[in-house]
Amino acid sequence: MPPNIAEPNISLDSTPVPSAAKSQNLPSPQEKTKYNLYIFQSTLNLIAHLLIGFVVGVSILYSLRNGLPLGSTRLHVILCVIGHQLLMAESILSLSSDNGWSLKLRHVDKRRAHWILQILGSGIALAGSFSKIMVKQIHWDTYHGQFALVAIVFTVASLVNGLTSLYAYEFRKYLNGTISKLTHICFGVIAFAASSISLCYGFNYNIFKSWATPEFTYAIIAFTAIFTFIIIINPCITFLSKAVTAIKK
């Protein structure tokens, strides 16, 4: 061997690793399925957040296209999309076990975040709706207005019902807690879905199409539909699960 070159240490231990030890490091089929499901749900959650930011951002940009001060219609758009599509959407997502920003929160803190976001979102959205109602002569004559009316009614119902759901234990003598939670989920899903449908009809107006082009309009309508579906699917599954459990009892 040439000088100044150290001979490498070669381990002569060729003891085979027992197959049982190898198998202990391999995930079980149930763990693999659970992990894949977690990745899928986390990906959907990320997509929902990206689409929410895009749709809300475009709506605000459209409303601010002529600068300040804002008219009643542009104020209506900004308040409603921030209230419904941003804050209320995050309120629903905050309870998901796959939601990034609330993932590490305790259950009690998730509930607090949920009702704080719900109150803020509902209040802002209702303010945006009534800012337009106050200045309009004819109401509910379009699909946009009719679905907005449904969103208003069920947003108020969800707010009131949310209090009974939040204090279900205290009201247990007067109101069944399971029924209160089921109706709260139902009202919230209907309110959010109706607000998204109303927003899509709003995007379909010619004034928005002329600003955004028809192709971009159809794309943003599709984005709204996609994130709405992603957001409401988990509450719908929870509703069915709780309903089946309540029926069996």
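Predicted model: local features only at pLDDT ≥ 70, side-chain atom pairs only at ≥ 80, totals over all residues.
Residues are numbered from 1 along each chain as its sequence is written, and side-chain values use heavy atoms, with hydrogens and water left out.

Let's start with the core. The largest nonpolar core has 26 residues, and Ile 52, Phe 192, Phe 203, Phe 208, Phe 227 and Ile 231 touch the most other members. (Such a core is a set of buried Ala, Val, Leu, Ile, Met, Phe, Trp, Tyr and Cys residues joined through side-chain atoms within 4.5 Å; buried means under 20% relative accessible area with a 1.4 Å probe, protein chains only.) Helix α2 (29-63) is among the elements giving two or more residues to this core, and α2 gives the most, with 7.

Now look at how α2 meets α8. These two pack at an angle of about 135°, with their axes 9 Å apart. The residues of their contact (heavy atoms within 4.5 Å) divide into 15 nonpolar, 1 polar and no charged.

The other pair is α3 (residues 72-93) and α4 (residues 107-133), which pack at about 160° with axes 7 Å apart. So α3 is roughly antiparallel to α4. Here the contact residues divide into 10 nonpolar, 13 polar and 2 charged.

Definitions and conventions:
Axes fitted to C-alpha atoms, helices over the stretch in contact; angles between N-to-C directions. Helix = DSSP H or I, 4+ residues; strand = E, 2+ residues; numbered from the N terminus. Parallel < 35°, antiparallel > 145°, perpendicular 65-115°, else oblique. Nonpolar A, V, L, I, M, F, W, Y, C, P; charged D, E, K, R; others polar. Buried < 20%, exposed > 50% of the residue type's maximum accessible area, 1.4 Å probe, protein only.
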